[in-house]
Amino acid sequence: MAGFLVSAESFWFLPDNVDQGLKDVATRLVEEIFQRVEVLAEHPDTGRVVPEFHQPFLRELIHPPFRIVYRRDFRRVRIVRAWRSESLLHLPCDGGVDSSVHESGRVET
(Lines give C-alpha, C1' and ligand atoms only; values in the text may rest on other atoms or scores of the structure.)
Protein backbone atom coordinates (compact mmCIF):
# COMPACT_ATOMS: atom_id res chain seq x y z
CA MET A 1 0.00 0.00 0.00
CA ALA A 2 1.20 3.50 -0.81
CA GLY A 3 2.19 6.21 1.64
CA PHE A 4 0.27 9.31 2.64
CA LEU A 5 -0.31 12.39 0.51
CA VAL A 6 -0.26 14.79 3.46
CA SER A 7 2.08 15.14 6.39
CA ALA A 8 1.32 15.83 10.03
CA GLU A 9 2.93 19.25 9.62
CA SER A 10 0.56 20.27 6.83
CA PHE A 11 -2.47 18.72 8.49
CA TRP A 12 -2.71 20.92 11.55
CA PHE A 13 -3.17 24.69 11.63
CA LEU A 14 -3.50 26.85 14.72
CA PRO A 15 -3.61 30.66 14.74
CA ASP A 16 -0.45 32.48 15.83
CA ASN A 17 -2.13 33.85 18.96
CA VAL A 18 -2.68 30.39 20.49
CA ASP A 19 -0.63 29.54 23.58
CA GLN A 20 2.60 27.66 22.74
CA GLY A 21 1.72 24.91 25.25
CA LEU A 22 -1.54 24.24 23.39
CA LYS A 23 0.33 24.19 20.07
CA ASP A 24 2.78 21.65 21.47
CA VAL A 25 -0.03 19.41 22.74
CA ALA A 26 -1.94 19.68 19.45
CA THR A 27 1.18 18.95 17.40
CA ARG A 28 2.00 15.90 19.54
CA LEU A 29 -1.59 14.61 19.24
CA VAL A 30 -1.60 14.97 15.45
CA GLU A 31 1.79 13.24 15.23
CA GLU A 32 0.47 10.36 17.38
CA ILE A 33 -2.60 10.02 15.14
CA PHE A 34 -0.42 9.94 12.02
CA GLN A 35 1.76 7.25 13.60
CA ARG A 36 -1.33 5.15 14.29
CA VAL A 37 -2.63 5.66 10.76
CA GLU A 38 0.72 4.84 9.14
CA VAL A 39 0.47 1.30 10.56
CA LEU A 40 -2.54 0.76 8.28
CA ALA A 41 -0.27 0.70 5.21
CA GLU A 42 1.09 -2.67 6.33
CA HIS A 43 -1.78 -3.83 8.58
CA PRO A 44 -5.05 -2.48 7.12
CA ASP A 45 -7.24 -4.71 9.32
CA THR A 46 -5.80 -3.30 12.55
CA GLY A 47 -8.92 -1.28 13.34
CA ARG A 48 -12.30 -2.65 14.27
CA VAL A 49 -15.36 -2.62 12.02
CA VAL A 50 -17.35 0.57 12.67
CA PRO A 51 -20.20 -0.67 14.86
CA GLU A 52 -22.77 1.77 13.44
CA PHE A 53 -22.36 0.42 9.89
CA HIS A 54 -21.38 -3.28 10.22
CA GLN A 55 -19.46 -3.14 6.90
CA PRO A 56 -16.14 -5.05 6.85
CA PHE A 57 -14.49 -2.44 4.59
CA LEU A 58 -15.36 0.48 6.92
CA ARG A 59 -13.09 0.34 9.97
CA GLU A 60 -11.89 2.62 12.73
CA LEU A 61 -8.98 3.21 15.03
CA ILE A 62 -9.61 4.61 18.48
CA HIS A 63 -7.06 7.15 19.64
CA PRO A 64 -8.67 8.84 22.65
CA PRO A 65 -10.35 11.18 22.44
CA PHE A 66 -10.62 10.58 18.66
CA ARG A 67 -12.10 7.99 16.31
CA ILE A 68 -10.33 7.68 12.96
CA VAL A 69 -12.65 6.05 10.43
CA TYR A 70 -11.11 4.59 7.30
CA ARG A 71 -12.19 2.64 4.26
CA ARG A 72 -10.16 -0.44 3.48
CA ASP A 73 -10.10 -1.07 -0.27
CA PHE A 74 -8.20 -3.80 -2.10
CA ARG A 75 -5.02 -1.74 -2.65
CA ARG A 76 -5.39 1.26 -0.39
CA VAL A 77 -6.69 2.67 2.84
CA ARG A 78 -8.62 5.93 2.71
CA ILE A 79 -9.13 8.02 5.81
CA VAL A 80 -12.80 8.96 5.88
CA ARG A 81 -12.97 11.11 8.98
CA ALA A 82 -11.46 11.76 12.38
CA TRP A 83 -13.51 13.28 15.17
CA ARG A 84 -13.88 13.33 18.92
CA SER A 85 -15.25 10.00 20.07
CA GLU A 86 -17.87 11.47 22.38
CA SER A 87 -19.47 13.37 19.47
CA LEU A 88 -22.58 12.01 17.84
CA LEU A 89 -22.26 10.33 14.46
CA HIS A 90 -24.91 11.69 12.07
CA LEU A 91 -26.39 9.17 9.66
CA PRO A 92 -29.08 9.72 7.04
CA CYS A 93 -32.37 8.08 7.97
CA ASP A 94 -35.29 6.96 5.80
CA GLY A 95 -37.63 9.79 4.89
CA GLY A 96 -34.87 12.37 4.77
CA VAL A 97 -34.76 12.87 8.54
CA ASP A 98 -31.32 12.85 10.12
CA SER A 99 -30.68 10.60 13.06
CA SER A 100 -27.77 10.78 15.44
CA VAL A 101 -26.09 7.62 16.62
CA HIS A 102 -24.02 7.90 19.76
CA GLU A 103 -20.97 5.65 20.12
CA SER A 104 -22.97 3.62 22.62
CA GLY A 105 -25.43 2.76 19.82
CA ARG A 106 -28.24 4.94 21.21
CA VAL A 107 -30.21 6.62 18.37
CA GLU A 108 -31.60 10.12 18.73
CA THR A 109 -33.85 11.89 16.16
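Two strands count as paired if DSSP finds at least two bridges between them. Helices (H or I, at least four residues) and strands (E, at least two) are themselves DSSP runs, numbered from the N terminus. With that in hand, welcome to the tour. You are looking at a predicted model, where local features need pLDDT of at least 70, side-chain atom pairs count only at pLDDT 80 or more, and totals for chains, interfaces and linings use all residues. Residues are numbered from 1 along each chain as its sequence is written, and side-chain values use heavy atoms, with hydrogens and water left out.

**The whole chain**

Start with a cartoon view. The secondary structure comes to 2 helices and 7 strands, and along the sequence these follow the pattern α-α-β-β-β-β-β-β-β. The accessible area (Shrake-Rupley method, 1.4 Å probe; for residues, only the protein chains shown count as cover) is about 7,600 Å² for the chain, and 55% of it belongs to carbon and sulfur atoms. Of the 109 residues, 28% count as buried; buried means under 20% relative accessible area, exposed over 50%, and partly exposed in between (1.4 Å probe, protein chains only). A contact means heavy atoms within 4.5 Å. Among contacts between residues at least 6 apart in sequence, 30% join residues at least 24 apart.

**The sheet**

Next, colour strands S1 to S4. They make an open sheet of 4 strands in the order S1-S2-S3-S4, with antiparallel pairing. S1 and S4 stand at the edges with a single partner strand each, so one side of each has no neighbour in the sheet.

Zoom in on residues 66-72 and 77-84. These are S3 and S4, antiparallel strands joined by 7 bridges. A hairpin of 4 residues leads from S3 to S4. Select Arg72 and you will find Val77 of S4 opposite; select Arg71 and the residue opposite in S4 is Arg78. While you are here, look at how side chains point: in a regular strand they alternate between the two faces of the sheet.

**The nonpolar core**

Which residues make up the largest nonpolar core? Select Ile33, Val37, Leu40, Leu61, Phe66, Ile68 and Tyr70, the 7 residues of that core. A core here is a set of buried Ala, Val, Leu, Ile, Met, Phe, Trp, Tyr and Cys residues joined through side-chain atoms within 4.5 Å. Helix H2 (20-38) and S3 are the elements that give two or more residues to this core, and S3 supplies the largest share, 3 residues. Then pick out Ile33, which touches His63, Phe66 and Ile68, leaving aside residues up to four places away in sequence.

**Charged and polar stops**

Move to Glu60 in strand S2. Is this residue buried or exposed? Glu60 counts as buried because its relative accessibility is 2%. Show its side chain and look for polar contacts (a pair of N or O atoms within 3.5 Å; within protein, one must be able to donate a hydrogen and the other to accept it, and residues adjacent in sequence count only if both atoms are side-chain atoms). One reaches the side chain of Arg48 at 2.6 Å, and a polar contact of 2.6 Å joins the side chains of Glu60 and Arg67. Leaving aside residues up to four places away in sequence, the residues that Glu60 touches include Gly47, Val50, Pro51 and Tyr70.

Glu52 sits in the loop between S1 (48-49) and S2 (58-63), and counts as buried because its relative accessibility is 16%.

The Gln20 side chain makes a polar contact of 2.8 Å with that of Asp24.

**Two backbone details**

Select His54, in the loop between S1 and S2. Its phi is near 55°, a positive value in a residue other than glycine. His54 is exposed, with a relative accessible area of 62%.

Finish at Pro65, in the loop between S2 and S3. The peptide bond from Pro64 to Pro65 is cis, with omega near 5°.
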